[in-house]
Structure formats: C-alpha cells, structure tokens
Amino acid sequence: RMLKFYGFLLLIDDSEEYPTCQVITADNFTSASRNWITRFDHNHLRITRIIRSCRVLGLEAEAEAFYEALTDIAGERRGVFSRKTLIFWRRAAERPLHLAPEDENGKRGLDWLVNIYQDGDGVEE
C-alpha cells in the first residue's frame, strides 16, 4: 500500500527456489512522486522507517529492492534528496538492526534499549 502511495510497484518472481523482488515505478509515479520527491520532505524519514521495518520483519529482499529503487531515483534527480536522507536510507538498508539509522557513532545499539527500560521510559511487561 505504501509503495503505491510513493508511486512504486513490487514485482515478485517466485519461479525459482528462492523468490526475488524488484521495485519498479508504477503508472502513478509521476503524480505520486510529487508528494515526496522534494527537498526536506517528511516522507523521507517515513521511507527510512519503511526500509528498516521491512528488515526487522524479515523482508530483507523487499527492503533491498525498495532501497535500490530509491537510489536509482536519487541518481536520476541529483540534488533533490539531502545527503543526510541518503545516509539514513543506506543505514536503514545495510546497517545491523541493533543500530538506529540516526545513530552517528554506532555505539548506542543495545545499550540504548537497555537505558530506555532503566530510565522508566519503556514498558516492562
């Protein structure tokens, strides 16, 4: 559903032993992309979360396909996406999942989660 909102389509080829995924631009891409292909758009962070969530849910191939489609678009439209956006997307797609995309030093990881519970900000049930 979110891919359609952004103007993409997921293709799955399950004819082989291991299915493969590809994300391509859909027929509505031109109109849908007006919602998010702009500099400093709130959808860029939402896209980061989508990529990361797919990975957390075990949808690595889908996350990788979406990231590849985004990097293709970014390559075609240089300067539209900020450097920070591209870094966040790459981190969401490639970084170990215990490190948040916004974590600059790569050291927060599991300690960050432990601190949430120790500080009483998390739910311990």
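This passage describes the fold of a predicted model of a protein chain and then some of its local features.

The protein chain contains six helices and two strands. Read from the N terminus, the order of the elements is α-β-β-α-α-α-α-α. The chain has 125 residues, of which 34% are buried. When contacts between residues at least 6 apart in sequence are considered, 49% of them join residues at least 24 apart.

Helix α3 spans residues 43–56, and helix α5 spans residues 83–94. The axes of α3 and α5 lie 8 Å apart and form an angle of about 10 degrees. Because this angle is under 35 degrees, α3 counts as roughly parallel to α5. On the α3 side, the residues that meet α5 are H44, L45, I47, T48, I51, R52 and R55. Their partners in α5 are T85, F88, W89, R91, A92, A93 and E94.

R52, one of the α3 residues that meet α5, is also in contact with A100. A100 is located in the loop between α5 and α6, the latter covering residues 109–118. R52 and A100 are 48 residues apart in sequence, yet their C-alpha atoms are 9.0 Å apart in space. Apart from neighbours within four places in sequence, A100 is in contact with R52 and R95. A100 has a relative accessibility of 14% and therefore counts as buried, the limit being under 20%.

Side chains of opposite charge can pair when their charged atoms come close. The model has one salt bridge. This salt bridge is formed by R55 and E60, whose closest N and O atoms are 3.2 Å apart. R55, which is also among the α3 residues that meet α5, has a relative accessibility of 9% and so counts as buried. E60, by contrast, has a relative accessible area of 37% and is therefore partly exposed.

A loop lies between α3 and α4, the latter helix covering residues 60–76, and L59 is located in this loop. L59 counts as partly exposed because its relative accessibility is 34%, which falls between the limits of 20% and 50%. Together with V56 and L57, L59 makes a nonpolar surface patch of about 300 Å².

Notes
Residues numbered from 1 in each chain as written. Predicted model: local features only at pLDDT ≥ 70, side-chain atom pairs only at ≥ 80, totals over all residues. Heavy atoms only, no water. Patch = residues over 30% accessible without salt bridge, like charges linked within 9 Å, V, L, I, M, F, W, Y side chains within 5 Å. Areas by Shrake-Rupley, 256 points an atom, 1.4 Å probe, with all protein chains shown as cover. Salt bridge = Lys/Arg side-chain N within 4 Å of Asp/Glu carboxyl O. Helix = DSSP H or I, 4+ residues; strand = E, 2+ residues; numbered from the N terminus. Buried < 20%, exposed > 50% of the residue type's maximum accessible area, 1.4 Å probe, protein only. Axes fitted to C-alpha atoms, helices over the stretch in contact; angles between N-to-C directions. Parallel < 35°, antiparallel > 145°, perpendicular 65-115°, else oblique. Contact = heavy atoms within 4.5 Å.
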